[in-house]
Amino acid sequence: MKKIRKTAIRRTAQIGFLGLFVLTVLQASYPFQPWIPPELFLWADPLTAIVTQLAGRFFDPVFLIALLVLLSPFIFGRAFCGWVCPLGTSIDISDKYLAKKKSKSTQKFRSVKTVLLIIFLLFAVFGVQLSWLMDPIPILWRTFGVLGMSFFFLFTNTILNGLYDANIFPDRVLDIQDNISAWLFPVSTPKFLMLLLPFVIFIVILAMGKISRRFWCRNLCPLGALLGLLSKFSPFQRVVDKAACTSCSVCQKKCKMDAIEDDYIRTEKSECILCLDCREDCPTDAISYQFKSPVLMKTAPDLSRRSFIGAGILALFGSGLFSLNVLNPRKTDRRLRPPGSLHEDDFVERCIRCEECVRICATSGGCLQMAFLETGLEGLMTPVSKYRIGYCEFNCNLCGQICPTKAIQPLDLEKKQETKIGTAFFLTDRCIPYRLNENCIVCEEHCPLPEKAIKLNEKEYTDLETGETRMIAYPYVDTNLCIGCGICENKCPLEGEAGIIITREGEERF
Amino acid sequence: MDRRKFLKTTAIIAGAGLMVRKPGIASETSPTVTLIKNGSPQELAAKAFEMLGGVSRFIAKGDYVMVKPNMSWDRRPEYAATTNPELVSAVVTLCLNAGAKKVLIVDNTCNDARRSYKNCQIQEMAGKAGADVRFVRDTHYVDTEIPDGTSIKRWPIHAEVFKVDKLINIPILKHHSLSGLTIGFKNMMGLVGGNRGRIHRPFAESIVDLNRVIIPDLTIVDAIRVLRRNGPSGGNLNDVDTLNTIIAGTDRVLVDAWSARVFGTEPESLEYLKLANAANMGEIDTNKFPAKHFSFST
């Protein structure tokens, strides 16, 4: 019988965790009946846990799950990176096709990730959440959740609609499409602004495989840096039988992480991800992995004092830039936040830009979008409601149910239905009855409140040219009733800007 | 994409001539409307068919039937914003028992389609009865010419409308602040795509125009529960009245006129009905054309 290869076990684990991750992503969809929490990987991510709680100055026991990952380096080093991290697995897969067989040494860039980690932590100390930009789990969440969803639609709909149009098994095609709609995705194609940023970030991460394998994990990943720092004490480690080693250098060439020193004996433990490739490929079977008393390595490319001070100064001024609101148009912008959102300052500190809410909203009313700079520099990629694209579905409270950091508070449906996102105002120089003196009332028709917040004032209108008189229903908003769900703005039949808009007036924050 | 759509549209128009859904049943000398009360939805539906000449008058063996309920809103049935699901599934069962090959149910909803289909319970109940309840996708519409249209000359309409043998319209009777009431004519808006808000101006002309090419064989109006105020979306149980009535017939103008009567509204006050009557689409005078009444209990 052939022995099961240890690397095969590792690969199976990697694929398993990647599959689990995809499952958690797929579950973030109406009808929301998760059997694994979609937030699982985010809760288990110690970087997210530390930075978010530090920046947001709060404690949430769900993040205790992250302790499992955070403490794992004390035994197994960076095994998380090699065995669990779904971004690492994605990189491994793309490296297989992208990376050159013999990667260049990139050891001189290694400390960059530690500098980044320190910058993110210092930003968090000053109350600014910035790690979302490079935290692997949120990166992968928005890549799979939002980008993946869009591409899935593009490809499946192109094929299935083509088959349907060509009358090839039209009933089976509808069966497939309706089943997809029943469990995974909405009926109509989700529309996302700002897809470019997650796309570019993900492509760049994968493309860096051209320089070296796992370039991201070696040099840039702040979560890898955090686990690496704690791995120095890991007792489970690579051990080389000096007598058996022929210094053939196969292991060093094979090492994805460039973690093996020039003597082929010593291992940089803060880099080793325990992938076991070297053990497998060693022609003399000199390599094993075992528990051994941890030896601190002197060669570790530790951070110089200078770069530490540099990171500190950058974080001080950088986070200062955010709190100075240089780019924050508080008064002027039309930023609308999902119902249940915390006060703006707390909100941007807690939001980790995983875009879970944006994704699940796209399977419902579809108003949530990733912000560009319209909510300020600090609001980049946070969720905002864009009512010409979608609206807040009256019977939906899923964004708050799914937010992993409770930047959007989970509200009961009843509570959500009376929570004011903003207030509707008519633009009477656009609104059809006011501007053209013709009846319309599409907004009134769609208003979901039990007692409609849009009311009609019927008045006689006399056409000055023809002298003809007709009754026109002029709509107006009862601002006490309006919750700013935006279905009126969404359904307004005007092209371009609507005749009714939701403003932040009266918004309720938590 | 556009080119393909264009080719497809031209092909269909060239093949079928001008697309107008032609009724699949013989016209009657004098229009009959039935008004049935106080039974279960199943009893009401069966009685309506019986009084109109039996199911076999409407459904032939092997027919491809489209049933068009109102599933437009994400509301439970008791809010009377959507058609009674039991009535819809009763009609589906009757059609299938009469030998229909397939019963298709579609609606272009106002709220999210999945939520609306589910919450109005038609997806589940009519599906169990054997209907194909399908979501509508943008590609399912076909740009259709409306030759006699006074307000709209062409509009994207669900392609299956022109393929089915029979079309049964099952609207719910409810308040609407623009047309006064929404009944059968307005329910056809669920079979069209495009920027539907545009249809609201001028509303009556446009709604009549759509009904020039979408012609049902039978209209069954659900007045089991009616929405008195805050229509068409509703949301307040205090606005719902229970009338336990259905109004059915082949003359869609007269059916809407009698439904208006049941609601307590003068048919002549409904602008679109006057226009439809003037366009020879049906009778509006409820005095001249009385309804056959039936009540399961007194």
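B:A223 stands opposite B:T245 in β11(B). The model is predicted: local features need pLDDT of at least 70, side-chain atom pairs count only at pLDDT 80 or more, and totals for chains, interfaces and linings use all residues. Residues are numbered from 1 along each chain as its sequence is written, while chains are lettered from A and ligands numbered from 1 in the order in which they are written.

**Strand β10 of chain B.** Helices (H or I, at least four residues) and strands (E, at least two) are DSSP runs, numbered from the N terminus. Strand β10 covers residues 218–227 of chain B, and 10 of its 10 residues are buried. Buried means that 20 or more other C-beta atoms, placed from the backbone, lie within 10 Å of the residue's own; exposed means 12 or fewer, and partly exposed lies in between. Strands pair if DSSP finds at least two bridges between them. The pairings of β10(B) are listed here.

| Partner of β10(B) | Sense | Bridges |
|---|---|---|
| β7(B), residues 166–170 | parallel | two |
| β8(B), residues 172–176 | parallel | two |
| β11(B), residues 240–249 | antiparallel | eight |

B:I168 has B:L218 of β10(B) as its bridge partner. For B:K174 the bridge partner in β10(B) is B:L227.

**The nonpolar core.** A nonpolar core is a set of buried Ala, Val, Leu, Ile, Met, Phe, Trp, Tyr and Cys residues joined through C-beta atoms within 7 Å. The largest one has 227 residues. B:V67, B:V91 and B:I246 have the most contacts inside it. Helix α8(A) gives the most to this core, with nine residues. Two residues are in contact if their C-beta atoms, placed from the backbone, lie within 7 Å. Leaving out residues up to four places away in sequence, B:V67 touches B:V88, B:V91, B:V92, B:V103, B:I105, B:A131, B:I168 and B:I170.

**Helix α8 of chain A.** This helix runs over residues 111–125. Its expected span is 1.5 Å times one less than its number of residues. For 15 residues that gives 21 Å, and the end C-alpha atoms are 21 Å apart, so the two agree. Because 11 of the 15 residues are buried, α8(A) is largely enclosed by the rest of the structure. Among the buried residues are A:K113, A:T114, A:L116 and A:F120. Their cover includes α3 (46–56), α12, α13 and α16 (305–323) of chain A. A:G127 follows the helix, with a positive phi near 85°.

**Chain A as a whole.** Chain A has 23 helices and eight strands. Its C-alpha trace spans about 105 × 60 × 35 Å along the principal axes. Of its 510 residues, 49% are buried. Among contacts with a separation of 6 or more, 76% join residues 24 or more positions apart.

**Domains of chain A.** Domain bounds come from an automatic or database domain assignment. That assignment gives domain 1 (1–232 + 304–325), domain 2 (238–299) and domain 3 (420–510). The centres of domains 1 and 2, taken over C-alpha atoms, are separated by 28 Å. In the contact between them, 23 residues of domain 1 meet 16 residues of domain 2. On the domain 1 side, α1 (6–27), α6 (79–84), α12 (215–219) and α13 (222–231) each give two or more residues.

**Between the chains.** The contact takes 36 residues from chain A and 27 residues from chain B. Helix α5(B), residues 113–119, supplies the largest share of the chain B side, three residues.
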